[in-house]
Amino acid sequence: MDEQIQQYKSAIEAILFVSEKPVVLDQLKDVFPELKPSQIHDLIKQLQEEYVNRDCGMVIVEIAGGFQMLSNSHAAPYIREFYKTKTKEKLSRPALESLAIIAYKQPVGRAEVEVIRGVNSDGTIAHLLNKGLIKITGRKEVPGRPFLYGTTKEFLEYFGLKSLEDMPKMEEFTQLGLDAPKVESLEAEQMQEETATQESSGQSRVQETIPTPEVGTAN
């Protein structure tokens with residue numbers, strides 16, 4: 001029985017090694033129909049612990065709802081020296097700013113992104129759409145019904161996040177060389193839009209204070 005378990009673990013390890021994307025349990029269920037999802041999950045966890053205990057050059061991490069084998073962070077400088085280049089394309093500052101606003105405020109429209117950034121964001125949003133980091137999630141119920149945007153699974157994969165809850169807190173943006181998204185500006189704009197809409201329809205409205213949301217929660 002122990003030999004069979006080791007064969008399963010070796011096979012899972014090989015699959016994680018050759019896969020360029022996170023592998024989800026549903027994919028492994030098709031490969032190992034004789035195993036329950038919980039058993040497959042336990043085997044992956046065992047592999048994770050073995051890699052950590054041996055301080056291997058590779059690690060198994062949970063990303064975007066699946067598991068992926070990656071190089072250990074302590075080997076990063078040696079890998080960069082080997083390749084003499086960075087393997088992942090860096091996003092520009094405007095793209096990162098727009099992506100941060102969308103990630104923390106989704107679903108959000110282009111106009112709201114521009115209110116916060118103070119500049120036209122057509123190009124950066126188109127770039128993020130082309131890279132698959134954001135997607136159209138619907139339309140806003142205002143005249144013209146503009147598109148609303150949100151992040152994708154590829155966004156989680158790009159930044160190595162298990163879920164949106166793993167995004168850095170607002171105060172950590174300064175450590176990344178970025179200004180924290182000014183959510184107050186967006187909220188003020190939203191309040192003005194709501195007031196104008198209700199006044200135009202003859203409705204009265206009680207002014208309410210919209211609290212600043214907790215960053216890192218769902219995004």
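Guide: A residue is called buried when its relative accessible area is under 20%. The model discussed here is predicted.

Visitor: Why is Glu114 called buried?

Guide: The relative accessible area of Glu114 is 17%. The cut-off is under 20%, and therefore Glu114 counts as buried.

Visitor: Where does Glu114 lie, and which residues is Glu114 in contact with, leaving aside its neighbours within four places in sequence?

Guide: Glu114 belongs to helix α6, which covers residues 110–117. With those neighbours left aside, Glu114 is in contact with Val119, Asn120, Ser121 and Asp122; contact requires heavy atoms within 4.5 Å.

Visitor: What makes strand β1 and strand β2 a pair?

Guide: Pairing requires at least two bridges. Strand β1 (residues 58–63) and strand β2 (residues 66–71) are joined by six bridges in the antiparallel sense, so the two strands count as paired. One of the bridges links Ile63 to Gly66 in β2.

Visitor: How many residues lie between β1 and β2 in the hairpin?

Guide: Two residues separate the strands of this hairpin. In the turn, Ala64 has a positive phi of about 50 degrees.

Visitor: Which residues have the most contacts inside the largest nonpolar core?

Guide: They are Leu99, Ile134, Phe155 and Met167, in a core of 23 residues. Helices α5 (93–105), α6, α7 (122–130) and α8 (153–159) each contribute at least two residues to this core, and the largest share, six residues, comes from α5. Another core, of 16 residues, lies apart from it and includes Tyr8, Leu28, Cys56 and Met69.

Terms used
Residues are numbered from 1 along each chain as its sequence is written. This is a predicted model: local features need pLDDT of at least 70, side-chain atom pairs count only at pLDDT 80 or more; totals for chains, interfaces and linings use all residues. Side-chain values use heavy atoms; hydrogens and water are left out. Helices (H or I, at least four residues) and strands (E, at least two) are DSSP runs, numbered from the N terminus. Buried means under 20% relative accessible area, exposed over 50%, partly exposed in between (1.4 Å probe, protein chains only). A nonpolar core is a set of buried Ala, Val, Leu, Ile, Met, Phe, Trp, Tyr and Cys residues joined through side-chain atoms within 4.5 Å.
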